[in-house]
Amino acid sequence: MDYTQAFEQALDRIRGEGRYRVFADLKRHRGSYPRATWTRGDGSVRDVVVWCSNDYLGQGENPVVTEAMKRAIDEAGAGSGGTRNISGTTHYHVELEAELADLHGKQAALLFTSGYVSNDASLSTLYRILPGLEVFSDANNHNSMISGIRNGGGPRHVFRHNDLEHLEDLLAAAPEGAPKLIAFESVYSMDGDIAPMAAIVALAKKYGAMTYLDEVHAVGMYGPRGAGVAERDGVMDQIDIVEGTLAKAFGVMGGYIAADAVIVDAIRSYAHGFIFTTSLPPALAAGALASIRWLKAHDEVRVAHQARAAQLKARLAKVGLPVMASQSHIVPVLVGDAIHTKVISDILLEDHGIYVQPINYPTVPRGTERLRFTPSPAHTEAMIEDLACALEALWVRCNIARVGGVAA
């Protein structure tokens, strides 16, 4: 077999569909977020405004966070020393887990190296801890949740996105005595919609199911202390397992779960994705700890963030752009074609100094390709105006249909 040719053909298929991914060479500048410098392939540079970062609140440059990381490096060095079971547990990890448990009103928390790993490891492990477990998963759940559920190897049922009737039908048809788990997200990152959390919790109680909630795109940004949508909606105490990330609103890196101590201890003791992975460096743990503590006390940042997102939605809708329905801070604009999405992204970057990556299959279904904007409190009204004018001009220039959106 010609192995090289097989790899080349695989890449050619992606290129032919217009969804070959090109990474922009960016250098962020601390203190001037969301501005960055883009280095082209020929070595030339230009200043750009980043519109697609998941560092939603700019915490990656907050001096409280960066100074905490510097102190941790000076105090403890660069690495953690190994897995948590072999010399890799430090006081920084212990402090951070206690802070996360407090954030979510849970007895305990457990750190992982990323949000992907925390979902994959935790969900697959639950099948081992609960024999005969039946998992009910929202159709729009993140790949990490899907992977964890599949890797668990047990019965799984996919309910239509946010469809409570379908979920109840599946729950009612499941074996009555079997352990059950409903796995869902709070904010769905590509569409920006939010789960009907109280109603899902009610169904879980009715059918004796546990709840597993991914708050990755909500922690830090919703609720009076930034614990997420479950805190905002007053149901946090009724969620069995909360999963989150340190890499988005908190501006650092890592993932975690928070739950009753016995649940956390069992997953800690069985999850291969935790047991066999080197722990987070002390500096990352210290930075995340500082970020969480700071955001708990600064609700005004969340208020400003929501206001900026609403302003962007209204401005784009005003010029007739297809802004997709979104209940959250995420602002998706439908293009509906992979090649057109890539072309618009490239022109925005090269001609307008606006950086937003195209969102194509498999991240979203074919035919729903889009640009996904994530405004932050640091994006100014002038930046929003520049973006709206550029997009309006490009929609005409590229002859793209203005369909599929809704008025903000």
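How many bridges join E13 to strand E14, and in which sense do the two strands run? The legends below take up this question after an overview of the predicted model.

**View 1. The whole chain, as predicted.** This is a predicted model, not an experimental one. The chain holds 14 helices and 14 strands. Its C-alpha trace spans about 60 × 55 × 55 Å along the principal axes. The radius of gyration is 22 Å, which agrees with the value near 22 Å for a compact globule of 408 residues. Of the 408 residues, 52% count as buried.

**View 2. The surface and charges of the chain.** The chain carries 38 positive and 47 negative side chains. The centres of these two sets lie 2 Å apart.

**View 3. The open sheet E11-E14-E13.** Three strands form this sheet, in the order E11-E14-E13, and the pairing is antiparallel. Strand E11 (331-334) and strand E13 (358-359) are the edge strands. Each of them pairs on one side only. The opening question is settled here: two bridges join E13 to strand E14 (residues 370-373), and the two run antiparallel. Across this pairing, Pro358 stands opposite Leu371 in E14.

View 4. Pro362 is found in the loop that links E13 and E14. The peptide bond from Tyr361 to Pro362 is cis. Its omega is near 10°. Most peptide bonds are trans.

View 5. Pro34 is found in the loop between strand E1 (25-28) and strand E2 (35-39).

**View 6. Positive phi at Ser87.** Most residues other than glycine have a negative phi. Ser87 is not a glycine, yet its phi is positive, at about 70°. Ser87 is found in the loop between helix H2 (63-76) and helix H3 (91-104). Is Ser87 buried or exposed? Its relative accessibility is 53%, so Ser87 counts as exposed; the cut-off for exposed is over 50%.

**View 7. Positive phi at Asn162.** Asn162 is not a glycine either, and its phi is positive, at about 55°. The residue is found in the loop between strand E6 (156-159) and helix H6 (164-173). Asn162 counts as partly exposed because its relative accessibility is 21%. Buried would require under 20%.

**View 8. Strand E7, enclosed on both faces.** How many of the six residues of strand E7 (residues 180-185) are buried? Six of the six are, so the strand is largely enclosed by the rest of the structure. In a regular strand the side chains alternate between the two faces of the sheet. On one side of E7 lie Lys180, Ile182 and Phe184. On the other lie Leu181, Ala183 and Glu185. All of these residues are buried, and both faces are covered.

**View 9. The parallel partners of E7.** Strands of a sheet pair through backbone hydrogen bonds, either parallel or antiparallel. Strand E5 (residues 134-138) and E7 pair in the parallel sense over four bridges. Strand E8 (residues 209-214) also runs parallel to E7, joined by six bridges. Leu181 marks both pairings. Val135 stands opposite Leu181 in E7, and the bridge partner of Leu181 in E8 is Met210.

View 10. Five of the five residues of E5 are buried, so E5 is largely enclosed by the rest of the structure. Glu134, Phe136 and Asp138 point one way from the strand. Val135 and Ser137 point the other way. Every one of these residues is buried, the charged-type Glu134 and Asp138 included. Toward E7, Glu134 stands opposite Lys180. Toward E6, four bridges join the strands, which run parallel. There, the bridge partner of Ser137 is Val158 in E6.

Notes:
Residues are numbered from 1 along each chain as its sequence is written. This is a predicted model: local features need pLDDT of at least 70, side-chain atom pairs count only at pLDDT 80 or more; totals for chains, interfaces and linings use all residues. Side-chain values use heavy atoms; hydrogens and water are left out. The radius of gyration is taken over C-alpha atoms; the globule rule is 2.2 Å times the number of residues to the power 0.38. Buried means under 20% relative accessible area, exposed over 50%, partly exposed in between (1.4 Å probe, protein chains only). The place of a charge is taken as NZ of Lys, CZ of Arg, CG of Asp or CD of Glu. Two strands pair if DSSP finds at least two bridges between them.
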